[in-house]
Amino acid sequence: MARNGKKSLYDEAMETFHRAAEFIKMQPRVRMEIEEPDFEHVFHITAEIRDRLVPLSEEEQARFRDLPPSDVKAGDALELLANGSFILHRRALLEADLTMRQGVINIPNVGLLKLEKGGPRKFRAYRIQHNNVRGPYKGGIRYHKEASLDLFKVLAADMTWKTAIAEVPFGGAKGGIKFDPFQYSKEEIEQISLRYFYKMKTLVGPYVDIPAPDVGTNGEIMAYFMRQYTDGEREKHHLRGVVTGKDVRIGGSEGRVKATGQGVVYCIEEWARDKGFDLKGARVLVQGFGNVGSNAAEILAALGAKVVAVNDVHGTVAKDSGLDMAALVHHVHQNPSNLRRTVAGFPGGTAIAKDDFWDIDADILVPAALGEEITGPVAEKLKVKLVAEGANGPTTREGDAVMAARGIDVIPDIICNAGGVTVSYYEWLQNLRLEHWTEGEVNRRLEQAIKKNYAIIRDISRNRPQRTPIYDSRPFCVGQPVDIRTASMILALKRIEAHYLLEGFSQ
Ligand code: NAD
């Protein structure tokens, strides 16, 4: 329970766990064992931050209008950050012709900038290891300004459920650093990441705990982690599996970058097959256009669906006949001047307000941003048939209740976005065996794993125990229909509980 008697995010998130535990009459000690994380590592890291040139405020500018322009020869040595500041690289001063007054310089075509001193900074870092009864801890690393212990506990527990649902031999973990990576340079992010992983070195390992990318991190950061962990080790090539989500050229798996989005689409395909719904021409809304959102959107568009609007943290773009996905991906991810990696400013669509995004008439909504976006009032507005949860925890309890009452189908996050961790498992296997699989092989396995486990969850939800040539849902059904979120949790808990019941407790 959090302060002020208010429920913590973790307590709230665990309500589905407790509901499912009741349905399966989970053995009390097992329930107690799983309901809290094994370890909560909270620590601090420090890093040196460079001096910055920060744009002057309107009022301050008046005092420096007469400042002669400075000529910084090495223009590229001023590194522009997403918040409009610049990192002052020392090489910028080589051959520079500078006039500085009270720390302010005037750079033509840029404006008046004030020098802000860098120096050491302290960051709060986390790694929550929730449960490892089924295998090594596994879960992403998030860099975000609103990271917290409570949130990482929720996300770590989600990984415990997700790895069980995906049937990969891992447990659950999550972690990261509380900071806004968009305010820092590439070099600073490397330093912060290296220091974080230096401190993590005793906590992780290919058979202990295996991080992966999440919000604010990517394959590049996984490469820093791998180097930090394996540097100087005699058998370093055997340790590549310490992180997943790496670039394919250094031990990553084909298909991993797209895997979460691809898994979302496999779930949507299975939902459509079951409902007799044609995805060709289907109207889709996507929230978040990072790794998960952009890949899910591109794959859906390739299947003939129309992505009619995309919302992200900085804006929303819409086009009734469908946005051109290749052009939007280029605008967001391949345009070096789009430092905030946002859909805002995309010329191939109309800018609309976020409030109006939820109102658009469509068939499918893919939330692929952060948590708690689909609240009760948002769910009241939605005009879709399906919400396929690419993000972790995008729907509040109230949002869930409203969608159930309004007959909107939901594919819960713990199955919908399990494609990432499934292909992470394939990457880990390839690393341990020093193998390299084709994308076709990866996707064939992924499709089978996701569709099979989603079908079991649907059977649990409808109380339709059956054995098919592909799966057997009989051991998981509980004798009555349950909502789909509880059904997912039932599948996870039955698989986790089996380990405690069959292996017993180590003393
Ligand atoms: P990302 O950092 O690549 O992208 C995040 C996107 O969300 C960006 O487009 C950002 O602008 C948008 N966003 C952030 N705050 C927003 C807000 N308030 N309103 C609207 N949009 C907002 O992250 P990602 O890796 O694509 O992860 C997205 C979600 O999917 C997260 O919830 C993450 O935990 C989950 N997830 C990711 C993976 C993976 O493999 N990357 C796997 C499973 C689940």
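How are helix 1 and helix 16 oriented to each other? Helix 1 and helix 16 are roughly perpendicular to each other, a label that covers angles of 65 to 115 degrees, whereas angles under 35 degrees count as roughly parallel, over 145 as roughly antiparallel and the rest as oblique.

## Basis of the description

The model is predicted, so local features need pLDDT of at least 70 and side-chain atom pairs count only at pLDDT 80 or more, while totals for chains, interfaces and linings use all residues. Residues are numbered from 1 along each chain as its sequence is written, and side-chain values use heavy atoms, with hydrogens and water left out.

Helices (H or I, at least four residues) and strands (E, at least two) are DSSP runs, numbered from the N terminus.

## Helix packing

Two packed helices are described by the angle between their axes and the distance between the axes. Axes are lines fitted to C-alpha atoms, for helices over the stretch in contact, and angles run from 0 to 180 degrees between N-to-C directions. Helix 1 (residues 9-23) packs on helix 16 (residues 484-503) at an angle of about 65°, and the axes are 9 Å apart. The crossing of helix 1 with helix 16 is right-handed; this term applies if the near helix is turned clockwise from the far one by less than a right angle, and left-handed applies if anticlockwise. Contact means heavy atoms within 4.5 Å. From helix 1, T16, F17, R19, A20, A21 and F23 meet R485, T486, M489, I490 and L493 of helix 16. The residues of this contact comprise seven nonpolar, two polar and two charged. In this classification Ala, Val, Leu, Ile, Met, Phe, Trp, Tyr, Cys and Pro count as nonpolar, Asp, Glu, Lys and Arg as charged, and the others, Gly among them, as polar.

A second pair consists of helix 7 (residues 256-275) and helix 14 (residues 419-433), whose axes come within 7 Å and cross at roughly 145°. Helix 7 also passes helix 14 in a right-handed crossing. R256, A259, T260 and G263 of helix 7 make the contact with G419, G420, V423, S424 and E427 of helix 14. Here the residues divide into two nonpolar, five polar and two charged.

## Parallel strands

Strands of a sheet pair through backbone hydrogen bonds, either parallel or antiparallel. Two strands pair if DSSP finds at least two bridges between them. Strand 11 (residues 283-287) pairs with strand 12 in the parallel sense over five bridges, and K306 in strand 12 is the bridge partner of R283. Four bridges join strand 11 to strand 15, again in parallel, with V284 bridged to I364 in strand 15. Strand 15 in turn pairs in parallel with strand 16 (residues 386-388) over two bridges, where L365 has V387 as its bridge partner.

Buried means under 20% relative accessible area, exposed over 50% and partly exposed in between (1.4 Å probe, protein chains only). Strand 12 (residues 306-312) has six of its seven residues buried, so it is largely enclosed by the rest of the structure. In a regular strand the side chains alternate between the two faces of the sheet. Strand 15 (residues 364-367) is covered on both faces, with I364 and V366 buried on one side and L365 and P367 buried on the other.

Five strands in the order 3-4-2-6-5 form an open sheet with antiparallel pairing. Strand 3 (78-80) and strand 5 (104-107) are the edge strands, each pairing on one side only. On average, neighbouring strands of this sheet are turned by 35° against each other, direction ignored.

Strand 3 and strand 4 (residues 86-88) run antiparallel and are joined by three bridges; L78 has L88 in strand 4 as its bridge partner. The loop between strand 3 and strand 4 holds S85, which counts as buried at 7% relative accessibility. Beyond its neighbours within four places in sequence, S85 is in contact with L53, V54, P55, E79 and L80.

## Selected loop residues

F346 lies in the loop between helix 9 (325-334) and strand 14 (350-351) and counts as buried at 8% relative accessibility. Leaving aside neighbours within four places in sequence, F346 is in contact with V317, L323, D324, A327, L328 and H331.

Most residues other than glycine have a negative phi, and most peptide bonds are trans. K25, in the loop between helix 1 and helix 2 (28-34), has a positive phi of about 50° although it is not a glycine. K25 is exposed, with a relative accessible area of 70%. N109, in the loop between strand 5 and strand 6 (111-116), is likewise not a glycine and has a positive phi of about 70°. N109 counts as exposed at 85% relative accessibility.
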